[in-house]
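Work through the exercises below with the model on screen. Try each task before you read its solution.

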Amino acid sequence: MRAGQTHVGRGVLLVVAAAMLWGTTGTVQSFSSGAIAPVWVGSLRMVFAALFFWIALAFAGRARAGEPIPDPPGGRAWFALLAAGLSMAVYNLAFFAGVKAVGVGIGTAVAIGSGPLWAGLLQALLTRRAPGGGWWLGTFASVTGAVLLLADGGDGRTPSPIGIVLCLTAGAAYAVYALVNKALVTTAGPLAVTARVFSIAALVSAPAAAAHTGLPAIAAPDLALVVYLGVFATGIAYWLFASGQRHLSGPSAVTLALAEPLTAFVLAVVLLDEALGPIALVGMTLLIAGLAIVVRGERVRA
C-alpha cells in the first residue's frame with residue numbers, strides 16, 4: 001500500500017470516528033429532561049467544546065497554545081477563522097430551529113443530507129475543481145440512504161417551508177465550515193484551529209440563544225448531558241474530524257460524516273428498541289455502499 005493511501009486510510013478512520021461520536025447525540029438527548037431549549041443545547045455545546053480545546057492546548061504546552069495560524073492557500077488566516085466560526089454558529093442555530101419546525105427525521109435528513117452536495121458544489125464554484133464522478137455516485141447513494149434512514153422515522157407532520165429552508169441553510173453552513181477548515185488545517189495544527197473556530201462560534205451562539213429564549217435553568221442531569229455533548233460529541237469529535245481532513249479532500253470528509261446517522265440509527269435500534277423497517281434497511285445498505293465508493297475514490301486519488 002502506498003504512503004498516500006495509508007494517509008487516506010488514517011483520514012477515513014478519524015472522520016468516521018468523529019461521525020460515530022456525533023451519532024451518539026440523539027440517543028444521549030433522549031435522556032434529557034427537556035427543560036433546556038434546543039437552541040441552548042446547541043450553544044452550550046459550543047461553549048464547552050471551546051473550553052475543552054483551550055484546556056487541551058494548555059496541556060499540549062505553552063508553545064502550542066500560542067501557536068499562530070498561518071495564512072491558508074489563497075486567503076488570510078483571520079478571515080478564514082472568522083468564516084469557519086460563523087459558519088459553525090449558523091449551522092447550530094439553523095439546525096436546531098429547523099428541526100423544531102419540521103421534525104427530527106425530516107429536518108436531520110435535509111440538513112445532513114444536503115451538506116455533501118453543498119460541499120461538492122461550493123468546491124466546484126470556488127476552486128474550479130469539481131469532485132470526480134466516483135464522488136458524486138457515492139455521495140448520491142449515501143445521501144439517498146441517509147434520507148431513507150432518517151425520514152423513515154418521521155412524525156407525520158406537514159413540513160414547514162421555513163423549516164426546510166433553515167435545514168438547507170444548516171447544511172450549507174456546515175459545508176462552508178468543512179471546506180474553510182480543510183484549508184486551515186493544511187497549514188496549522190487541528191487543535192489550534194478548532195480552539196479558535198469554536199471560540200468564535202460560542203461567542204456568537206450564546207448571545208443569540210439568550211436573546212431568543214433568555215438564560216436557561218439547568219438541572220444537574222441536563223448539565224451532565226450538555227458537558228458530554230460539548231466535550232465528547234463536539235470537542236473530541238471535531239478534533240478527530242479536523243485531523244482527518246488533513247488527509248482527505250474537503251467534499252469527501254463531509255460525505256464520510258454521513259456515518260453519523262448510521263451510528264444514530266444503530267444505537268436507536270440497540271438501546272432504544274426502535275424497529276428496523278424495510279425502508280430503513282434499504283437506506284442503511286445504500287449509505288454504507290455510498291461511503292465505500294467515496295473511500296475507494298479517495299484511495300485512487302491518493
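H6 and H8 are oblique to each other, and the angle class says why: under 35 degrees counts as roughly parallel, over 145 as roughly antiparallel, 65 to 115 as roughly perpendicular, and the rest as oblique. The model is predicted, so local features need pLDDT of at least 70, side-chain atom pairs count only at pLDDT 80 or more, and totals for chains, interfaces and linings use all residues. Residues are numbered from 1 along each chain as its sequence is written, and side-chain values use heavy atoms, with hydrogens and water left out.

**Exercise 1. Describe how H6 packs on H8.**

Step 1. Take the geometry. H6 and helix H8 (residues 161-185) pack at about 45 degrees, and their axes are 7 Å apart. (Axes are lines fitted to C-alpha atoms, for helices over the stretch in contact; angles run from 0 to 180 degrees between N-to-C directions. Helices are DSSP runs of H or I, at least four residues, numbered from the N terminus.)

Step 2. Find the hand. The crossing of H6 with H8 is right-handed. (The near helix is turned clockwise from the far one by less than a right angle; anticlockwise is left-handed.)

Step 3. List partners. On H6 they include Gly115 and Trp118. On H8 they include Leu168 and Ala172. (Contact means heavy atoms within 4.5 Å.)

Step 4. Sort the residues of this contact: 14 nonpolar, five polar and no charged. (Ala, Val, Leu, Ile, Met, Phe, Trp, Tyr, Cys and Pro count as nonpolar, Asp, Glu, Lys and Arg as charged, and the others, Gly among them, as polar.)

**Exercise 2. Where does H6 bend?**

Step 1. Go to Gly115. H6 bends there by about 30 degrees. (The bend is the angle between axes fitted to the seven residues ending there and the seven starting there.)

Step 2. Look onward. Pro116 follows within four residues.

Step 3. Look just after H6. Arg128 has a positive phi of about 60 degrees.

**Exercise 3. Which way do H3 and H9 run relative to each other?**

Step 1. Helix H3 (residues 38-60) and helix H9 (residues 190-213) pack at about 150 degrees, with axes 8 Å apart.

Step 2. H3 and H9 are therefore roughly antiparallel.

Step 3. Their crossing is left-handed. The contact of H3 with H9 has 19 nonpolar residues, six polar and one charged.

**Exercise 4. Sort the residues where H12 meets H13.**

Step 1. The axes of H12 (residues 259-271) and H13 (residues 278-301) come within 10 Å and cross at roughly 145 degrees.

Step 2. Phe265 of H12 and Leu287 of H13 are among the contact residues.

Step 3. The count is nine nonpolar, no polar and no charged.

Conventions:
Helix = DSSP H or I, 4+ residues; strand = E, 2+ residues; numbered from the N terminus.
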